[in-house]
Amino acid sequence: LHRSKPMPTVHYTRQMPDIDSLMQVWPEEVEALMREIQLPSADIDLDLKDYARVVCAVMDVPVFTSMVESLHVLFTLYTEFKNNQHFQRNAMDLTNP
C-alpha cells in the first residue's frame, strides 16, 4: 500500500545535504583511512546524544539545534544504502565467496 505512494516531503529548519551527495564515493585517502582506523563503538563513554553527534559527523550529516532532523537524514541515508542494489550485491558477494 505505502510503496505506491510518493515519499513524503520533509522540510528542515536548516539546509541539510542531499542524500545523493552523501552517498557519493569518498576520496581514496578517506577510504584508506577508514580501513585502518576503528570507528567508535557503542561502548564508548558518551551519552546517546553525543554518540549520535559522532555518528552524524562521521557520515557528514550536520547537527544543528534539532537532533531529530539530523537523525532523520542519517536514517534516510542508511535506508538508501540498504536498498541500493550495488551494496546489496556487494553484501551477497561477502557472504557467498
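Visitor: What pattern does the protein follow, read along the sequence?

Guide: Start by listing the elements in order. This is a predicted model, and along the sequence the protein runs α-α-α-α-α. That is five helices and zero strands.

Visitor: How many of the residues count as buried?

Guide: Burial is read from relative accessible area, with under 20% counting as buried. Of the 97 residues in this protein, 13% are in that class.

Visitor: Which residues make up the largest nonpolar core?

Guide: The general idea comes before the case. In soluble globular proteins, nonpolar side chains tend to be buried together. Here the largest nonpolar core consists of nine residues: M16, I19, L22, M23, C56, V61, V73, L74 and L77. The most come from α4, which supplies three residues.

Visitor: What does V73 touch, leaving aside residues up to four places away in sequence?

Guide: To read a core member, list its contacts beyond its sequence neighbours. For V73 these are Y12, M16, I19, L22 and V61. Of the residues in that list, M16, I19, L22 and V61 are also members of the largest core.

Visitor: Is S70 buried or exposed?

Guide: S70 lies in helix α4. It counts as buried because its relative accessibility is 0%, and the cut-off for buried is under 20%. Beyond residues up to four places away in sequence, S70 touches M16, C56, V61, P62, V63 and F64.

Visitor: Where does the charged end of R14 sit?

Guide: Rings can be checked for charges over them and for pairing with other rings. The charged end of R14 is over the ring of F64, 4.1 Å from the ring centre. F64 is also among the residues that S70 touches. As for pairing, the structure has zero aromatic pairs.

Visitor: Which residues are the closest to the centre of the largest pocket?

Guide: The volume of the largest pocket is about 380 Å³. It is lined by 15 residues, and those closest to its centre are V10, Y12, I19, H72 and T76. Helix α4 gives the most to this lining, with six residues.

Visitor: What share of the contacts between residues at least 6 apart in sequence join residues at least 24 apart?

Guide: Contacts can be sorted by separation along the sequence. In this protein, the share is 52%.

Technical notes:
Residues numbered from 1 in each chain as written. Predicted model: local features only at pLDDT ≥ 70, side-chain atom pairs only at ≥ 80, totals over all residues. Heavy atoms only, no water. Core = buried A, V, L, I, M, F, W, Y, C linked by side-chain atoms within 4.5 Å. Buried < 20%, exposed > 50% of the residue type's maximum accessible area, 1.4 Å probe, protein only. Helix = DSSP H or I, 4+ residues; strand = E, 2+ residues; numbered from the N terminus. Contact = heavy atoms within 4.5 Å. Phe/Tyr/Trp six-rings, centres within 6.5 Å; stacked < 30°, edge-to-face > 60°. Lys NZ or Arg CZ within 6 Å of the ring centre and 35° of its normal. 1 Å grid on protein atoms, 1.4 Å probe; cavity = no way out; pocket = protein on both sides within 12 Å on 5 of 7 lines; lining within 4 Å. Points joined across faces, edges and corners; volume = space filled by probe spheres on them.
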